[in-house]
Amino acid sequence: MDEIVKEEIEGNVEIIIYGIINSIILSLMALGFTLVYSIARVPNFAHGALYITTGYITWILLNKLTGFPYPLAIAIAICVTAVIGALIYRFILIRVRGMEISEIIATYAIGLAILEGLRWGGLRGGTFTLPPFISGSVQLFGVSVDYQRLLIVGIGIVTFACLYLFTHFNRVGLALRGIAQDERAAMMLGIDSDMTAIVSLAIGSGLAGFAAILLLPLGNIIVEVGYNVLIFAIAVCVIGGLGSWGGTILASFIIGFAQILTEAFLSTHYQMVVALFAIIITLLIKPSGIFGKQKELEERV
Amino acid sequence: MKKLIYFSIGIIVVLFCAPIATFAQEKPIVIGAPLATAFLYGWDAERGIKLAADEINTAGGVNVAGKKRLLKIEVIDTRDLEPGVPVADALLAVEKLILEKKADFIVGGPVRSEAALAAMDLLSKHKKISILTTGVLTPAYSKRIAENYGKYKYCFRNSSEVPPMMGDFMALLEDLHKTKGFNKAYIMVQDVAHARAGGEYMKKALSEKKWEVVDMKIYPTGTTDYSQGLIDSGKKGAQILFLWMDMPESAALLQQWSNMKLKSLPMGFMNAAEQPGFWKATGGKGEYMIVNLVNGGNAPAKITPWTMKFVEAYKKKWGLEPEGYGTSSSYMAVYQLKDAIERAKTTESDAVIAALESQDFMGVYGRMRFDKKTHQIIHSWDPKEGAVTGMIQWQAGKRVQIFPPKVAEGKILLPPWMK
């Protein structure tokens, strides 16, 4: 009898631990997408491509330049991705700003070009990987968890906190929030809308890269991951409410736990279905998402 | 003086024009290779085909009734392994090879079973001989040829198929049952048709042999977290993790397995674990994984005298070892065609079919013989009798052939935490 109780407790602990890990992973994937939309009102469909680009740049630096330090490779890759994001706005999106469909088409086309370009350029097969920051695993309440996942949880929480502090106590962060809340009023106060959008694209792309550096050591750097990251980012944002950071985190936890529960009690191959099913339910019950502010369905992506 | 000038001109003409005239005499034999070139099973096949063609051309070409003809390879990307690409696209690629590139023979793919099965009618319509070398494992291919020989006699396959592969796995598992007392297996497969079928096939086969299949999990393509299934397998006391996945992300499964130090031995058909780069990619966490490379020679081994010769030639030309399934068979197919054409003394289809059916020589992975009814390469555990499988285990960074016993170069090792 004791054995059965012990097994049940272990089973629940497993779900809680891996549910939290999965949720933080999802929120990290979506954070950059949400930031860009909340400030620049641009749905950045190149998000997944920028995610993979960062991983690939890091891989090249580590593997083609012997003895290149891992932290420096990470820093360079994230900076390059941030610059790419800024350039995408400065030279392409600025011309279609405010035209939602054109923005979607433009960013999706850029993403597609980057991803398929990487494939064409040699990013093929399963041998492109990044090393974990710390190798090995630990028993946590009787459940085996690898250090990289624990790091993801820790760094994820710190990232959310830093972003909160940045947008509430930093001059640039406050300007970003100002634009996000009321663009016209912010412009009247001297905040440059386009420059803010460029900064938001750069930070959003940098966040996509940051997530890639943390998450890619769990798997491989492959083109298909770029598409999956985009799907999950959109799912999380639609459910949480486009542009809502709180909604993003809450939605990540909803989908993250739903996936783990599905795997534990239903079947593993419904994991992807859960995210898509949650989008449908959200669109039916509350089309603007949990914390979404848009009321008109036409405004939604 | 005039004589000297005429003589010099004559010498120049002979020197510069004669070789051109010799090569221009015979048009090359065109081999069309429809392959999913962005994927392992496509690019390694392409390399194998090109290597064989280069070797044959360097040696003078194919002797067709006394006339030497060079081989020309035309590769086309079928994209049939990419998700969402319709079968029709692969068929268009095959048709383009036949009609535009004027391919005399087809070697390689299409790589996905559905596309290869659909291409059979096309090959029959154009009366083009095809040797399938990679990707397609379905027994439906050979069955179809046997059922309608007159129509599908143009189709051959020199690579293994699911039933013999499963036989190889079962022999290995039965050996582990006898020597180590293993009797519990946990199956983890990808959510694609061939992997689900492979998982179901293995579940049935193991149950019939009194093994306990404690669970079977199906994972969507792109999964990077296998923790729940792995923890579950540990709780249920699985000693064998039987895996069937062709997505690169499955390398993460082995990393998690190694981190958790599960008391189970992973084995199966796993695309990610085939390539030499797998070791570095997993930081050595894939050690002890047993992988079926379908045909011998896809990793270094001493199966026949030709095996290592092929491996060395491949390394010299491409700078790395043969990477996985589809390499040795694609290389071999070009030599099989050469042999058949030379014996048939023509490139005419019916004569070459007859020559392929009567073919019998020692190749890279054993004796090369086609079954006359199914046009399937004859499989055996003895290279003197037929084509042998390439079953390897990752040991200290190397792919070591561990099955069949006649060509094994090492024994199965268990992870230290299992002892």
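This is a short talk about chain B of a predicted model and about its contact with chain A.

Hi everyone. Let's begin with the overall build of chain B. You will find 14 helices and 16 strands in chain B. Along the principal axes, the C-alpha trace spans about 95 × 50 × 40 Å. How does the radius of gyration of chain B fit a compact globule? For 419 residues, such a globule would have a value near 22 Å, and chain B has 23 Å, so the two agree. Of those 419 residues in chain B, 53% are buried. Here is another number for the fold: take the contacts in chain B between residues at least 6 apart in sequence, and 69% of them join residues at least 24 apart.

Where they touch, domain 1 of chain B gives 13 residues and domain 2 of chain B gives 12. On the domain 1 side, seven of these residues are nonpolar, three are polar and three are charged.

Now please find strand E10 of chain B, residues 240-245. Is E10(B) covered or open? It is mostly covered, with six of its six residues buried. On one side sit Ile240(B), Phe242(B) and Trp244(B), and on the other Leu241(B), Leu243(B) and Met245(B), all of them buried. Strand E8 of chain B, residues 184-190, pairs with E10(B) in the parallel sense over five bridges. In that pairing, Tyr186(B) has Leu241(B) as its bridge partner. E10(B) also pairs with strand E11 of chain B, residues 265-270, again parallel, over six bridges. There, Leu243(B) stands opposite Gly268(B). To get from E10(B) to E11(B), the chain passes through helix H10, residues 251-260 of chain B, in a right-handed β-α-β crossover.

Lys261(B) lies in the loop between H10 and E11 of chain B, and its phi is near 50°, a positive value in a residue other than glycine. Lys261(B) is partly exposed, because 14 other C-beta atoms lie within 10 Å. Val294(B) is not a glycine either, yet its phi is about 70°. Look for Val294(B) in the loop between strand E12 (290-292) and helix H12 (305-318) of chain B. Why is Val294(B) called buried? Because 28 other C-beta atoms lie within 10 Å, and the cut-off for buried is 20 or more.

Two prolines are also worth a look. The bond from Gly109(B) to Pro110(B) is cis, with omega near 10°, and Pro110(B) is in the loop between strand E5 (105-108) and helix H4 (113-126) of chain B. Phe403(B) and Pro404(B) are joined by a cis bond too, with omega about -5°. Pro404(B) comes in the segment after strand E16 (398-403) of chain B.

In helix H13 of chain B, residues 327-344, find Met332(B). With 29 other C-beta atoms within 10 Å, Met332(B) is buried. Its C-alpha atom is 7.5 Å from that of Ala52(B), although 280 residues separate the two along the chain. Among the residues that Met332(B) touches are Asn158(B) and Met368(B).

Finally, the partner chain. Chain A and chain B each give 30 residues to their contact. On the chain A side, helix H1 (2-40) and strand E2 (143-146) of chain A are among the elements that give two or more residues. By class, that side has eight nonpolar, 16 polar and six charged residues.

Definitions and conventions. Residues are numbered from 1 along each chain as its sequence is written. Chains are lettered from A and ligands numbered from 1 in the order in which they are written. This is a predicted model: local features need pLDDT of at least 70, side-chain atom pairs count only at pLDDT 80 or more; totals for chains, interfaces and linings use all residues. Two residues are in contact if their C-beta atoms, placed from the backbone, lie within 7 Å. Ala, Val, Leu, Ile, Met, Phe, Trp, Tyr, Cys and Pro count as nonpolar, Asp, Glu, Lys and Arg as charged, and the others, Gly among them, as polar. Helices (H or I, at least four residues) and strands (E, at least two) are DSSP runs, numbered from the N terminus. A residue is buried if 20 or more other C-beta atoms lie within 10 Å of its own, exposed if 12 or fewer, and partly exposed in between; C-beta atoms are placed from the backbone. Two strands pair if DSSP finds at least two bridges between them. A crossover is right-handed if, with the strands pointing away from the viewer, the path from the first strand over the helix to the second runs clockwise. The radius of gyration is taken over C-alpha atoms; the globule rule is 2.2 Å times the number of residues to the power 0.38. Lists of a residue's contacts leave out its neighbours within four places in sequence.
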